[in-house]
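Open the model in your viewer and keep the selection tool ready. This tour goes from one stop to the next.

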Amino acid sequence: MSTKETLIRKLQDKSAKIGILGMGYVGMPLAVVFAEAGFHVLGIDPDQRKVDTFNKGVSYIQDVPTEKVVHLQKDGRLNITADFAALKEMDAVSICVPTPLRHTGDPDMSFINSALDQLEKYVHKGMIVVLESTTYPGTTRELMVPKLTDQSGLQVGEDIFLCFSPERVDPGREDWTTLNTPKVMGGITQDCAEVATAWYGGAIKTVVPVSSAEAAEMAKLLENTFRMINIGLVNELAIMCERLGVDVWEVIEAAATKPFGFMKFTPGPGLGGHCIPIDPLYLSWKMKEMNYNARFIELASEINTNMPRYVANRVLDAMNDRGKVLKGSKVLVLGVAYKPDIDDVRESPALDVIALLKKKGAYVSYHDPYISQIHHEKEGWRMETVKDVMKAVEESDAVVIVTNHKVYDYKAILDSASFIFDSRNALSKIAKDDPKVVKL
Ligand code: SAJ
């Protein structure tokens with residue numbers, strides 16, 4: 001039997017040993033899905049705190065219940081280690097490490113490079129490696145292939161099998177999970193894709209093979225660039241509507257009644273999160289390397305990045321219209337997480353809104369039920385959430401709704417506040433034309 005046939009056999013009878021490199025919000029749910037499908041899975045993560053927490057039988061990932069971790073550990077089907085040498089025992093490895101941006105705005109490939117540095121030591125004949133981290137088109141072929149073949153002399157598609165399969169994890173979502181979200185899979189060779197499809201197909205409901213690793217890399221970038229550009233479009237529409245004296249929220253609701261050919265996005269104070277503001281810049285960076293300027297991405301990024309400044313200026317103008325001076329006023333920012341009802345503040349535009357209001361001389365405080373403290377890296381300041389939100393609302397000259405968490409009592413806030421700038425249309429149902437509310 002060929003190496004490919006032997007490996008496929010082990011993947012199909014679940015005797016293959018699975019390694020998940022990077023046990024974060026992508027890797028941990030994937031490890032659980034493979035373990036629940038009957039594989040023996042080993043999570044590999046350099047963060048000893050994660051390893052220790054997990055080995056105490058506690059899940060540190062919101063989407064993975066601790067009971068599941070305990071059960072699978074007891075069954076011996078899911079373990080974790082910080083020792084990369086364990087890779088040499090693995091037959092199949094998924095790489096699920098972060099791909100952030102450097103402060104220069106270029107891709108930060110350090111996590112992928114570290115993972116490949118380790119894999120290079122332990123890669124062996126009869127191994128499949130699937131890269132899941134969102135990255136620029138060409139990464140699998142240009143970075144992973146040479147790294148895993150130059151020194152080892154192994155042949156891709158013969159001895160080892162290399163693929164790209166974009167992660168589609170949306171933390172906190174319960175309807176679409178790692179198990180039931182269709183999984184795109186592209187190989188360096190067709191044989192690579194065949195092996196990967198046999199592996200993932202034994203655990204995940206729907207695997208969608210595509211013709212190459214680049215097609216899979218690009219599919220993921222299209223998914224998130226599509227969102228970023230459409231959010232940029234409605235943000236610019238908000239700016240246009242304000243100049244026209246038209247309610248952008250009404251316009252969007254009206255357009256959304258079109259039952260076909262339209263998809264609703266809503267404007268806001270900017271673009272947060274570890275995916276949408278970042279993934280498209282991996283594509284525009286790669287295209288710049290090829291002397292092509294990805295103008296849609298650049299423009300949408302410019303508009304979205306400017307929204308915190310637009311919000312701060314709107315607050316200043318609205319207070320001015322009420323004969324109030326922003327400078328020296330007390331301003332309470334409500335909600336700093338990057339989107340409602342979560343505890344993640346990464347790339348949140350709220351920090352820029354706060355920084356800009358402070359620069360205009362306001363005394364700014366914030367409240368967020370999920371975020372106890374924030375740290376503005378560039379400017380170095382830290383803040384803690386106020387404890388009593390209603391007291392803070394009463395004492396403020398202005399309240400700026402940045403993230404519309406469901407838990408807020410918007411009626412009480414509306415009654416107690418003296419002025420509200422609502423960047424999320426959170427008060428749409430209760431503050432029809434209320435003079436103390438100004439919307440984005
Ligand atoms: N945002 C808007 N207007 C919108 C939608 C979002 O201003 O109409 C803002 C949000 O406030 C947030 C940012 O954009 O600051 C990103 O929001 P998001 O809803 O895209 O949430 P994310 O960043 O958690 O995106 C993830 C992505 N999942 C993966 O990359 C696997 C994305 O592909 C999903 O489509 C998205 O979740 C989702 O649909 O929830």
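This is a predicted model: local features need pLDDT of at least 70, side-chain atom pairs count only at pLDDT 80 or more; totals for chains, interfaces and linings use all residues.

Six residue pairs are in polar contact between domain 1 and domain 2, with both residues at pLDDT 80 or more. On the side of domain 1 that touches domain 2, the residues divide into seven nonpolar, three polar and four charged.

Now colour by domain. Select 3-211 for domain 1 and 226-439 for domain 2. The contact draws 14 residues from domain 1 and 10 residues from domain 2.

How much area do domain 1 and domain 2 bury between them? The figure is about 1200 Å², and 63% of it lies on carbon and sulfur atoms. Next, select Leu101, Pro107 and Tyr136 in domain 1.

Two salt bridges cross between domain 1 and domain 2. Then show the side chains of Asp170 and Lys339. They meet in a salt bridge, N to O, at 3.4 Å.

Widen the view to the whole model. The count of salt bridges comes to 27. Pick Lys10 and Asp91, whose side chains form one with an N to O distance of 3.0 Å. Which parts of the chain does this pair link? Lys10 sits in helix H1 (residues 3-12), while Asp91 is in the loop between strand S3 (78-81) and strand S4 (92-95). The two residues are 81 residues apart, and the pair links distant parts of the chain.

Rings come next. The whole structure holds seven aromatic pairs. Select Phe34 and Tyr200. Their ring centres are 5.1 Å apart and their planes stand at 85°, so the pair is edge-to-face. Phe34 belongs to helix H2 (residues 27-36) and Tyr200 to helix H7 (residues 190-200), so the pair ties together parts 166 residues apart in sequence.

Finish at helix H3 (residues 48-55). Zoom in on the start of H3, where a side-chain oxygen of Asp47 comes to within 2.9 Å of the backbone nitrogen of Arg49. Then move past the other end: Gly57 follows H3. Check the backbone of Gly57, where phi is positive, near 80°.

Key: Residues are numbered from 1 along each chain as its sequence is written. Side-chain values use heavy atoms; hydrogens and water are left out. Domain bounds come from an automatic or database domain assignment. Contact means heavy atoms within 4.5 Å. Buried area is the accessible area (1.4 Å probe) that two parts lose on being put together, summed over both. A salt bridge is a side-chain nitrogen of Lys or Arg within 4 Å of a carboxyl oxygen of Asp or Glu. A polar contact is a pair of N or O atoms within 3.5 Å; within protein, one must be able to donate a hydrogen and the other to accept it, and residues adjacent in sequence count only if both atoms are side-chain atoms. Ala, Val, Leu, Ile, Met, Phe, Trp, Tyr, Cys and Pro count as nonpolar, Asp, Glu, Lys and Arg as charged, and the others, Gly among them, as polar. Rings of Phe, Tyr and Trp (its six-membered ring) pair if their centres lie within 6.5 Å; planes under 30 degrees apart count as stacked, over 60 as edge-to-face and the rest as tilted. Helices (H or I, at least four residues) and strands (E, at least two) are DSSP runs, numbered from the N terminus.
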